[in-house]
Amino acid sequence: MRIRRRKHIMERLQKVAPFLIETPADYRGRWLSLAPQCDSMSLELGGGMGAFINEMALRNPKTLYIAFEKERDVIIKALEKTVSLEITNLYFVLDTAVILETCFEKHEVGAIYLNFSDPWPHWKAAIRRLTHRNFLKMYVHCLKPDGYLEFKTDNAGLFAFSHKELRECGWDITFYTEDYPHDADNILTEYEERFRAIGIPIRKLIALPPK
């Protein structure tokens with residue numbers, strides 16, 4: 001999808017700078033110092049415009065959330081939403097998941113959320129999918145032994161690929177559905193809201209890292 005270029009992006013980023021972590025490696029092992037009221041930490045990789053992660057932070061004030069998003073013209077909307085809602089347990093990193101092991105100590109993270117990640121449909125690009133086994137190794141490093149990965153997508157091919165990668169890499173899949181119903185506990189991303197409106201089924205799984 002074409003990214004809409006935002007006006008005055010640098011000025012807008014300066015206004016929300018306290019919630020944008022420019023050197024995430026500096027916080028390795030001490031992320032909770034950003035929010036002393038929190039006792040756990042979760043990540044969203046590919047945070048988009050922040051509908052999901054802002055609502056998660058509001059519902060769970062004792063959890064620190066870190067959202068990774070590579071597009072500054074997208075992340076600005078999420079950041080501005082965080083500031084307007086006066087949320088204090090959510091921070092953002094303008095980068096991709098490839099830097100995870102440099103940012104987090106082993107077993108530092110309680111949960112990782114992947115919501116409607118880029119499917120990279122061509123087989124040659126499979127290594128770039130966020131559920132490729134190279135990324136799964138990073139998640140094993142970051143996640144606590146009782147942590148989990150939660151994955152949602154509209155893309156049947158990506159879902160099948162992800163399920164296969166997780167099983168082959170020894171993850172324990174505790175929840176799996178190819179038609180996830182919407183209810184009060186389900187937080188919609190911007191993509192999910194759009195897909196549900198036109199009748200596209202939402203696929204979801206939850207997996208525990210190998211012991």
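1. A friendly start with the surface: the protein chain exposes about 10,800 Å², with carbon and sulfur atoms supplying 53% of it (areas by the Shrake-Rupley method with a 1.4 Å probe; for residues, only the protein chains shown count as cover).

2. Some ground rules: this is a predicted model, where local features need pLDDT of at least 70, side-chain atom pairs count only at pLDDT 80 or more, and totals for chains, interfaces and linings use all residues. Residues are numbered from 1 along each chain as its sequence is written, and side-chain values use heavy atoms, without hydrogens and water.

3. On the fold, the protein chain has seven helices and seven strands (DSSP runs numbered from the N terminus: helices are H or I with at least four residues, strands are E with at least two). Along the sequence they follow the pattern α-β-α-β-α-β-α-β-α-β-α-β-α-β.

4. On to the interior: 49% of the 211 residues count as buried (under 20% relative accessible area, 1.4 Å probe, protein chains only). The largest nonpolar core has 60 residues (buried Ala, Val, Leu, Ile, Met, Phe, Trp, Tyr and Cys joined through side-chain atoms within 4.5 Å). Trp31, Leu45, Leu100, Phe104 and Tyr139 have the most contacts inside it.

5. Leu100 deserves a look. It is found in helix 4 (residues 100–103) and counts as buried because its relative accessibility is 0%. Leaving aside neighbours within four places in sequence, Leu100 is in contact (heavy atoms within 4.5 Å) with Leu43, Leu45, Phe68, Met138, Tyr139 and Cys142. The C-alpha atoms of Leu100 and Met138 are separated by 6.6 Å, though the two residues are 38 apart along the chain.

Terms used. Buried means under 20% relative accessible area, exposed over 50%, partly exposed in between (1.4 Å probe, protein chains only).
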